Amino acid sequence: MEFLAVVFILLMVILFLTVLAVAQIKMAGMNVKDFFSFIQANDILDKLYAFSLKYEKLSPQQQVIFLQEADKIFSAFDKVPDALWEEEYQKYMEILNKYQEIKMTRWESR
């Protein structure tokens with residue numbers, strides 16, 4: 001019986017924390033879906049940043065993949081307040097610069 005009471009209390013605490021987190025996200029002016037997209041994009045940003053530092057020249061196929069992943073990042077970051085990702089601003093700008101460089105190179109080669 002005590003076990004069920006503990007489980008019930010833990011479930012109530014988890015439910016309360018979940019509702020509180022959703023309320024905080026809503027008060028920040030975001031949708032929960034956009035927030036989770038931002039979290040995933042932040043992970044991709046770190047990977048693309050490391051990738052862009054490692055490889056100076058990319059093959060055409062790598063360029064296409066880089067551009068697609070960067071588009072996902074830009075879309076997700078546009079949907080959340082800037083204050084949320086100001087720590088990642090430098091990485092974001094590096095990816096944006098590389099994105100623009102690849103776009104320009106691809107445009108010139110056509």
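Helices (H or I, at least four residues) and strands (E, at least two) are runs assigned by DSSP and numbered from the N terminus. The structure you see is a predicted model, in which local features need pLDDT of at least 70 and side-chain atom pairs count only at pLDDT 80 or more, while totals for chains, interfaces and linings use all residues. Residues are numbered from 1 along each chain as its sequence is written, and side-chain values use heavy atoms, with hydrogens and water left out.

## How the helices pack

Two packed helices are described by the angle between their axes and the distance between the axes. Here axes are lines fitted to C-alpha atoms, for helices over the stretch in contact, and angles run from 0 to 180 degrees between N-to-C directions. The table lists the helix pairs.

| Helix pair | Angle between axes | Distance between axes |
|---|---|---|
| Helix 2 and helix 4 | roughly 60° | within 10 Å |
| Helix 3 and helix 4 | about 135° | 10 Å |
| Helix 2 and helix 3 | about 145° | 9 Å |

Let us begin with helix 2 (residues 32-54) and helix 4 (residues 89-109). Helix 2 is oblique to helix 4; angles under 35 degrees count as roughly parallel, over 145 as roughly antiparallel, 65 to 115 as roughly perpendicular and the rest as oblique. The crossing of helix 2 and helix 4 is left-handed, a term used if the near helix is turned anticlockwise from the far one by less than a right angle, with right-handed used if clockwise. On the helix 2 side, the contact (heavy atoms within 4.5 Å) is made by Leu45, Asp46, Leu48, Tyr49 and Ser52, and on the helix 4 side by Lys91, Tyr92, Glu94, Ile95 and Lys98. Five of these residues are nonpolar, one is polar and four are charged. For these classes, Ala, Val, Leu, Ile, Met, Phe, Trp, Tyr, Cys and Pro count as nonpolar, Asp, Glu, Lys and Arg as charged, and the others, Gly among them, as polar.

Next come helix 3 and helix 4, with an angle of about 135°. That angle makes helix 3 oblique to helix 4, and the crossing of this pair is left-handed. Helix 3 contributes residues including Pro60, Phe66, Leu67, Ile73 and Phe77 to the contact, while helix 4 contributes residues including Tyr92, Ile95, Tyr99, Ile102 and Arg106. By class, the contact of helix 3 with helix 4 has 13 nonpolar, one polar and five charged residues.

Helix 2 also passes helix 3 in a left-handed crossing. Among the residues in this contact are Phe38, Ala41, Leu48 and Phe51 of helix 2 and Phe66, Ala70, Ile73 and Phe77 of helix 3. The contact of helix 2 with helix 3 divides into 11 nonpolar, four polar and one charged.

## The nonpolar core

A nonpolar core is a set of buried Ala, Val, Leu, Ile, Met, Phe, Trp, Tyr and Cys residues joined through side-chain atoms within 4.5 Å. The largest one has 22 residues, and those with the most contacts inside it are Phe66, Ile73, Phe74, Phe77 and Ile95. Helix 2, helix 3 (60-78) and helix 4 each give two or more residues to this core. Its largest share, seven residues, comes from helix 3.

Phenylalanine 66 touches Leu48, Phe51, Ser52, Leu58, Ile95, Lys98, Tyr99 and Ile102, leaving aside residues up to four places away in sequence.

Serine 52 is buried, with a relative accessible area of 12%; buried means under 20%, exposed over 50%, and partly exposed in between (1.4 Å probe, protein chains only). Serine 52 and isoleucine 95 are 43 residues apart in sequence, yet 7.4 Å apart in space, C-alpha to C-alpha.

Leucine 67 lies in helix 3 and counts as buried at 9% relative accessibility. Not counting residues up to four places away in sequence, leucine 67 touches Tyr99, Ile102, Lys103 and Arg106.

Leucine 58 is in the loop between helix 2 and helix 3, and leucine 58 is buried at 11% relative accessible area. Beyond residues up to four places away in sequence, leucine 58 touches Phe51, Gln63, Phe66, Lys98 and Ile102.

Arginine 110, in contrast, is exposed, with a relative accessible area of 77%, and is found in the segment after helix 4.
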